[in-house]
Amino acid sequence: APIDQTRDVAFTEYDRDAALAARLSECGSDNEATVPVPAVAGACAAGAVVVGSVDVPQLGSYHKIAVSWKSDCDAQSVTFTISAAAHARDGWLGVGLHDGGTAAQRIDAPLTRMKAADIVQLTYSGTLKDRVGVEAYSTPRDKSAAHATAGTAEFVDGRVRMSFTRSFDGAADGGVPLAADRFVHMIVAARLENDDVDAKHSAAVLLPTRLSLFGGVAESTRAATAEEAA
């Protein structure tokens, strides 16, 4: 015959925050104190050419997309080079910019990333489109007057590499002006099926950190010293 049994057991309610803190402590990651490191503005002295680059792993290691730039302070122009692994003979790559503010006064990227972005698209064959983002999921509109010009477009060592040059003064018709004391938010987009620049990108990402095209450094954090953490 079945036996009915009861047992008095002390019950401890699960504390999610305490459990998480204990787990982090066991892993040696118990939220070390950090302090903010302010942004540092760039500079563009006469005769200077300021270079920089960024990899874009967010779009996948298969495509290996990277963007580099050279800001020519005398010519008042910047040349962007964007490259990717060449898995096809047709496609396009694009760079979009939003004003990111100054070192002291940050401007956040808009929630609708493509809206009002200053966009340049380059096909693998070298065709350039200089555009402004309209809305999410909409084809960007052409600017009334382009301020970007196409440079090289080539396949080298299994990669497609393309460049374009634009002036610092890009304010006309929705462009983003560039200045040494300012930062930008950069969007990188790609269409890898074909070179239809009016078709939606295959992938796009807003880079997580604002960038200086003039050697500046965006804000960050660092581990606090013992004195600062006390």
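Which strand holds Asp130? Asp130 sits in strand β7. Strands here are DSSP runs of E of at least two residues, helices are runs of H or I of at least four, and both are numbered from the N terminus. The model is predicted, so local features need pLDDT of at least 70 and side-chain atom pairs count only at pLDDT 80 or more, while totals for chains, interfaces and linings use all residues. Residues are numbered from 1 along each chain as its sequence is written, and side-chain values use heavy atoms, with hydrogens and water left out.

Start with the surroundings of Asp130. This residue is buried, at 5% relative accessibility. Buried means under 20% relative accessible area, exposed means over 50%, and partly exposed lies in between (1.4 Å probe, protein chains only). The Asp130 side chain makes two listed approaches to backbone nitrogens. That of His147 is reached at 2.8 Å. That of Ala148 is reached at 3.0 Å. Both can be read against the rule for a polar contact: a pair of N or O atoms within 3.5 Å, where within protein one must be able to donate a hydrogen and the other to accept it, and residues adjacent in sequence count only if both atoms are side-chain atoms.

The contacts of Asp130 (heavy atoms within 4.5 Å) include Asp118, Ile119 and Val120. Arg141, Asp142 and Lys143 are also among them, as are Ala146, His147 and Ala148. Residues up to four places away in sequence are not counted there.

Lys143 is also a charged partner of Asp130. The two form a salt bridge, with the closest N and O atoms 2.8 Å apart. Lys143 lies in the loop between β8 (141-142) and β9 (148-156), and Asp130 in strand β7 (residues 128-132), so the pair ties together parts that are 13 residues apart in sequence. A salt bridge is a side-chain nitrogen of Lys or Arg within 4 Å of a carboxyl oxygen of Asp or Glu. Side chains of opposite charge can pair when their charged atoms come close. Lys143 is buried, at 7% relative accessibility.

Arg131 pairs with Asp142, the closest N and O atoms being 2.7 Å apart. This pair links distant parts of the chain, Arg131 in strand β7 and Asp142 in strand β8, 11 residues apart. Arg131 is buried at 3% relative accessibility, whereas Asp142 is partly exposed at 40%. Elsewhere, salt bridges that share partners join Arg106, Asp108, Arg210 and Glu219 into one network.

How many salt bridges does the rule give? The count comes to 15. Another of these joins the side chains of Arg182 and Asp99, at 2.8 Å from N to O. Arg182 lies in strand β11 (residues 182-191) and Asp99 in strand β5 (residues 92-102), so this pair ties together parts that are 83 residues apart in sequence. Arg182 is partly exposed, at 25% relative accessibility. Asp99 is partly exposed too, with a relative accessible area of 27%.

Stay on β5 for His98. Is His98 buried or exposed? His98 is buried, with a relative accessible area of 6%. A polar atom of its side chain lies 2.6 Å from the backbone oxygen of Arg113. Beyond residues up to four places away in sequence, His98 touches Pro110, Arg113, Lys115, Ala116 and Ala117, among others. Its contacts also include Val176, Phe183, Val184, His185 and Ile187.

Ala116 has a backbone feature of its own. Its phi is near 65°, a positive value in a residue other than glycine. Ala116 is placed in the loop between β5 and β6 (118-123). Its relative accessible area of 42% makes it partly exposed. Gln76 also has a positive phi, about 55°, although it is not a glycine. Gln76 lies in the loop between β3 (66-72) and β4 (77-85). It is partly exposed, with a relative accessible area of 42%.

Now turn to the nonpolar interior. A nonpolar core is a set of buried Ala, Val, Leu, Ile, Met, Phe, Trp, Tyr and Cys residues joined through side-chain atoms within 4.5 Å. The largest such core has 33 residues. Ile65, Val67, Trp69, Phe80, Leu93, Leu178 and Met186 touch the most other members. Two or more residues come from each of β3, β4, β5, β6, β10 (159-167) and β11. In soluble globular proteins, nonpolar side chains tend to be buried together. Val67 is in contact with Phe80 and Met186, and its partners also include Val54, Val56, Ile82, Val95 and Val188. Ser53 and Thr81 are among its contacts as well.
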